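Subject: Structure handover

Hello,

Here is the structure you will be taking over. Please open it alongside this email, then read on.

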Amino acid sequence: MSKKIIVVGLGLIGGSIAKAIKLNTDHTVLGVDVNEDTLLDACSCGAIDGKAGPKDLRTADMVYLCVYPESALEFVKTHGTELKENCILTDACGIKGEICRGVKELQGTGNYVFVAGHPMAGKELSGFAASDAGIFIGASYLIAPCGAPEWAVQEVAALAKSMGFGQVVYTTPEQHDRVIAFTSQLPHVLACSYVMSPRCREHQGFSAGSYRDVSRVANINEVLWSRLFLDNRNDLLLELDELLKNLTAFRAAIDEENEEQLKALLRSAAEIKREVG
């Protein structure tokens, strides 16, 4: 059955979601974005069927919030009462604790159903021009139900599968933010710290896969990621402390020329990597 889906925010992820839905389903996709040129681009390339207006908000079956966490909550506060009963409201934010708490505090502002989501895919680039339906193929889609009824959770999961996601992983907001601090946020801090070395400007001709692997995500959207880091401050600080502890152990072994300790550290890391992939 064809549904009306509104995507709010047509950046990299929102644009990619719109394109993936249009490519793989027969749903009607409408867009909301502060940039009129972006809306025109999305219409002209077929990523959306048109710009969403007030009437569309009242008749939408699903609304996808693909904006910064604060903007997502502001949208719910401003437009929640306009959404029809049982409209599924979902998001693509990189943190879940703040979003789920914020939406819960706004309960009573509408008859929508909220299901928190996080597509685990992306690029170093940002904006609609970088959006690509193919980035979701085989990726994980995280869902934190946040008390939503099972039928709504399964609708979000089914749409994710139809967009090309390889698996749907169910989690809680707390587990999501704790693990994402390690798998996503810490690598971005590490990459940015790494390229700030004066040697980075001398890497041409001396670098290969290791440099590319470590530095790739340093080409970062500072507005988005600074907000994500601060919104998930406690979990990220725990991971930073763990990283600093491990770096200190390596530094001490090298400084003291303790080859046996250095071998032990390297062996331990290799064993963990072979075990977990």
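Below is what was found in it, topic by topic.

Please keep in mind that this is a predicted model.

**The disulfide**

A search of the whole structure turns up one disulfide. The partners are Cys 100 and Cys 146, with sulfur atoms 2.3 Å apart. Distant parts of the chain are linked by this pair, 46 residues apart. Cys 100 sits in helix α5 (residues 97-105). Cys 146 lies in the loop between β7 (140-144) and α6 (150-162). The link is right-handed, with 40° about the S-S bond.

Cys 100 counts as buried, because its relative accessibility of 12% falls under the 20% cut-off. Cys 146 has a relative accessible area of 34%, so it is partly exposed.

Cys 43 is in no disulfide. Its nearest cysteine sulfur belongs to Cys 45, 8.5 Å away. Cys 43 counts as partly exposed, at 34% relative accessibility.

Cys 200 is in no disulfide either. Here the nearest cysteine sulfur is that of Cys 192, at 11 Å. Cys 200 counts as buried, with 19% relative accessibility.

β7 pairs with strand β8 (residues 167-170). The pairing is parallel and runs over four bridges. In one of them, Ser 140 has Gln 167 in β8 as its bridge partner. Together, β7, α6 and β8 make a β-α-β unit, and this unit is right-handed.

**Asp 231**

Asp 231 belongs to helix α9 (residues 222-231). Is Asp 231 buried or exposed? Its relative accessible area is 16%, so Asp 231 is buried. What does Asp 231 touch, leaving aside neighbours within four places in sequence? The contacts are Pro 69, Glu 70, Ile 95 and Glu 98.

**Helix α11**

Helix α11 covers residues 259-276, which makes 18 residues. Just after α11 comes Gly 277, which takes a positive phi of about 85°.

Over to you.

Best wishes

Definitions and conventions. Residues numbered from 1 in each chain as written. Predicted model: local features only at pLDDT ≥ 70, side-chain atom pairs only at ≥ 80, totals over all residues. Heavy atoms only, no water. Helix = DSSP H or I, 4+ residues; strand = E, 2+ residues; numbered from the N terminus. Expected span 1.5 Å × (residues − 1). Buried < 20%, exposed > 50% of the residue type's maximum accessible area, 1.4 Å probe, protein only. Contact = heavy atoms within 4.5 Å. Disulfide = S-S within 2.5 Å. Pairing = 2+ DSSP bridges. Right-handed = clockwise from strand over helix to strand, strands pointing away.
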